[in-house]
Amino acid sequence: MPVHFFVPGPLRDFAEGRSRVDLEISPRTLAEALDALGAKYPGVARRVLDERGEVRPHVNLFVGPECVRFGEGLATPIPDDCEIAILPAVSGG
Amino acid sequence: MPKPPAVSPNPVTIRDRDIVLLVGTIKGAFLFRSDHARRKWEVGGPYFAGRSVYAMAYDGRAGRHRIWAAPKSLHWGAELCASDDFGRTWSRPEVPRIAFPESSGASLANIWQIEAGGDDEPDRLLCGVEPSALFESRDAGDSWSLNEGLWNHPHRPKWMPGGGGLCLHTILTNPVRPERLFIATSTGGVYRTDDGGRTWEARNRGIHAYFLKEKDPEFGQCVHKVVRHPAKPDRLFLQHHFGLYRSDDGGDSWRERKNGVPSDFGFAMAIHPRDPETVYIVPLQSDEFRCPPEGKLRVYRTRDGARSWKPLARGLPQKDCYDTILRDALSVDREDPAGVYFGTRDGRLYASRDEGESWSLVAEDLPAVTFVRAATVRARAKARARVPAAKPGGAERRRRKKAA
């Protein structure tokens, strides 16, 4: 069952220019899905997560339509044929 | 998989003997270049547009022409990038070069300082980061390791962040005693190692911490910047959060040397390339206001080791100026007479090509300037930098002769 990642513009240099990455994996959680993404594209995963494996504070991850920040975070279950979107938060200065 | 270098727009062409200003801002980095005369400046950039850059460095050792920069994205974190062609292309590794080990429980917030080692160690680089820690590379920046001695220091958990964060912002090598190294962190103060970084001791005796209950603590001082001349590396000058200090014994003791400045609060400090007695500062009025005293933007210079300070104002705004100069936004080149440069939080870049006697505006409407460093580019065959001798250059000799 594939998992589809949406990769935002600033990170596409680290994903061979792709906005969408499909992985044939069956992760139980978002953390496992990001591990798989990091195995293929470490430059993407390493900028979504910090050294401690925590989601950076100004990055939002959506599993389907839901932002995991307000749910189970990296423990969010991943359903079949799911899209995981990586989006920069609306922040800046 | 290897990632191709990012190509940057608006490059500048650098020639032998050019002066290059590495300018970091909250919205990217710029390179300003001029020929040896330093009358006209050409600008390249912005590189890393939209990302803040608090640290850059030029590494001209061992035949290199490498510029380091530390862009930080609010979203994607901080990283260390390098250019070997003066900003046309920048290498950007997949996995950032500097990262805290898992055992530390920390994550990199920003990179505040990039310092090249001595000429006899052309592959050594040091980085000061936030949260306060020191990283070292022995392979010209390919790989980095956390200095465990400082990280495990019992004082570290008690260091408190200043306005800029808990940052290690100053690294001073010692060409005479390579095993000796100084760092400064806000707010922790000055620390020194005499065994190459295995052990560290606080070196803050005499620096008053007006903002703490105990006014003369062993550590906790809010040191803003420390400078030293490479030929006299145990004489240190220090800009504190209130207080100008000098140490003549490698930081074992400090004495106040504010002698005549309108405010002893400020951030930036820079030392002359040839004269270990000449230091530049930019005083700011109080730690609440942080603008030039009396609305007059003045650089102050001492020629006598901080026994006295002279204002340098010609060409700078002298009325209603509410600008601010941050800790790494002042720099001096190695020319004779020395060029002095500083950037402001209102996005102005000023230059003096006569040791600070007069100033001209090089650029305005830049993003807020966080960092300025001047470098002189040498042809590759002559690229090995030398530790400048502690003797006055031609301009200084003429000045002293005239004074005599």
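Good morning. I begin in chain B, where Arg246(B) has Arg255(B), in strand S21(B), as its bridge partner. Please keep in mind throughout that this is a predicted model.

That pair belongs to the contact between strand S20 of chain B, residues 244-247, and S21(B); the two run antiparallel and are joined by 2 bridges. Both strands are part of an open sheet of 4 strands in chain B, ordered S18-S19-S20-S21 and paired in antiparallel fashion. At the edges of this sheet stand S18, residues 223-229, and S21, residues 255-256; each has a single partner strand, so one side of each is left without a neighbour in the sheet.

I turn now to chain A and its strand S3, residues 59-63. One face of this strand is covered and consists of Val59(A), Leu61(A) and Val63(A), while Asn60(A) and Phe62(A) make up the uncovered face.

Which strands does S3(A) pair with? One is S5 of chain A, residues 82-88, joined to S3(A) by 5 bridges in an antiparallel arrangement. Within that pairing, Leu61(A) has Ile86(A) as its bridge partner. Another is S4 of chain A, residues 66-67, which is also antiparallel to S3(A) and is joined to it by 2 bridges. Here Val63(A) is partnered with Glu66(A). S3(A) and S4(A) form a hairpin with 2 residues between them, and Gly64(A), in the turn, has a positive phi of about 60°.

Finally, the two chains meet: 15 residues of chain B are in contact with 17 residues of chain A. On the chain B side, these residues comprise 8 nonpolar, 4 polar and 3 charged. Thank you for your attention.

Definitions and conventions: Residues numbered from 1 in each chain as written. Chains lettered and ligands numbered in written order. Predicted model: local features only at pLDDT ≥ 70, side-chain atom pairs only at ≥ 80, totals over all residues. Contact = placed C-beta atoms within 7 Å. Nonpolar A, V, L, I, M, F, W, Y, C, P; charged D, E, K, R; others polar. Pairing = 2+ DSSP bridges. Buried ≥ 20, exposed ≤ 12 C-beta atoms within 10 Å, placed from the backbone.
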